Amino acid sequence: METKQTVVIVDLSGRCNQLIARSVRNLNVYCQLVGDNAKIEDIKKVNPIGIILTGESDGEKTIEAEVKTIGVPVLDIRDIDVESKQGVKTLKSFLYKTCKAKGDWTMKAFTEAMVAELKEKIGDKKVLCALSGGVDSAVCAALIHKANKDCLTCVFVDHGLMRKGEPEQVVDVFRNKLGMNLIHIDASERFLTKLEGVNDPERKRKIIGEEFIRVFEEEAKKIGAVDFLVQGTIYPDIIESGIGSKGLVKSHHNVGGLPDVIDFKEILEPVKDLFKDEVRKVGIEIGLPLEQVNRQPFPGPGLGVRCIGAITRERLAILKDADFIMREEIANAGWDTKIWQYFAVVTDMKSVGVRNEVRSYEYTVALRAIHSIDAMSAQFVHLPFEILETISRRITTEVVGVNRVVYDITSKPPATIEWE
Ligand code: XMP
């Protein structure tokens, strides 16, 4: 992987805006993003074929003058809108005409090179991977499995807070279809017992996170010492953990804290250089099913933060069924590929209704659908009333315990995407 052509993007605003990096990658050129406090020696080390300056800086930064001394072409793109036609033309001309880029950054090439790299690195040593059902860990597992299928053990901790049908799908895809060595731990009772009577959203998150680590640790102990622990870190995680202050190659905190409690020698992060859409492309390249690859963002604490107030088995069952109906109807209407994220929430509020001419007193389910690019802000989707009507009718008829459905028409900010 080290031989690929690299362009370095220096964000002089220090904010490390990912937009230009995405545009360069889209033009099949690999790039790394650094902040205004990057060290010139670090930039030289990657042997860049070109350098791009971006951001609105207040005053000239040292690095701005320094990069011009390296002796490779420098493009100042601060006054150019890279999303405009002219901007793309300028970028393309710089990369291909000025820097003589070969356009060697494709996900096919990445996959082949990464599998070869992993094959060499892993040899016949032991690798442990926590599968969450999300695309990042799924792609990591698939890459390692392709490199050496006998070395990998995947652990899937099922906390009982995944959507209806998802745990079965994870087992079916990874164990049955891909033939991976998968340990499926049904820990739902254990999680629900721990969560009993807990109302506070932050406390819920903490319990779920801690319990997850504990269960994973117990399983890892049974497996014994491993050489490598896999982490599905992606490039935005690295950028967001402070690339500006640490130069090109920096350490970042390990999500979930797993490495602290497990006996392993090294962390493997096969997709740490990729943006999310690139991870998805690798997933397709390596043969993961589309539903796995295009899975919408899903919070780590799962349905735990969509079951408002204290989680009960009754309301969790309501939520799973209501959410399933919503997903089914959105897909039936062909809206599943148009929406960034959509889901149901079960509130802890009951209201009066009428069922079979008799007074009912049942829960309210809220539906949420949002458009977003990076989850930092989001706009509620103007879903056609016909779709909402069908979902509402099905939920109130098919899900026992729900007599009212509402649609959340709040954007972020002031709301967040999740309700808790
Ligand atoms: P909020 O609710 O903060 O959510 O607007 C932003 C995005 O992050 C997802 N989310 C989480 N993802 N662990 C995760 O891995 C979490 O604890 C978590 N909480 C929220 C949420 O679904 C949305 O896409």
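Arginine 205 places a polar side-chain atom 2.4 Å from an oxygen atom of the ligand. This is a polar contact (a pair of N or O atoms within 3.5 Å). The model is predicted: local features need pLDDT of at least 70, side-chain atom pairs count only at pLDDT 80 or more, and totals for chains, interfaces and linings use all residues. Residues are numbered from 1 along each chain as its sequence is written, and side-chain values use heavy atoms, with hydrogens and water left out.

An N or O atom in the side chain of glutamine 341 lies 2.8 Å from a ligand oxygen atom. Glycine 300 uses its backbone: a polar atom there is 3.1 Å from a nitrogen atom of the ligand. Taken alone, the ligand exposes 490 Å², by the Shrake-Rupley method with a 1.4 Å probe. The protein buries 68% of that.

Which residues surround the ligand? Among them are Pro297, Pro299, Pro301, Trp340, Lys412 and Glu418. Each has a heavy atom within 4 Å of the ligand.

Now turn to helix H8, residues 188-195. Helices are DSSP runs (H or I, at least four residues), numbered from the N terminus; strands are runs of E, at least two. Ser188, Phe191, Leu192 and Leu195 of H8 are buried, meaning under 20% relative accessible area (1.4 Å probe, protein chains only). Seen down the axis, the buried residues fall within an arc of 95°, so they line one face of H8. The arc uses directions from the helix axis to the C-beta atoms. These residues pack against strands S6 and S7 and helices H9 and H14, with heavy atoms within 4.5 Å.

Methods:
Buried means under 20% relative accessible area, exposed over 50%, partly exposed in between (1.4 Å probe, protein chains only). A polar contact is a pair of N or O atoms within 3.5 Å; within protein, one must be able to donate a hydrogen and the other to accept it, and residues adjacent in sequence count only if both atoms are side-chain atoms.
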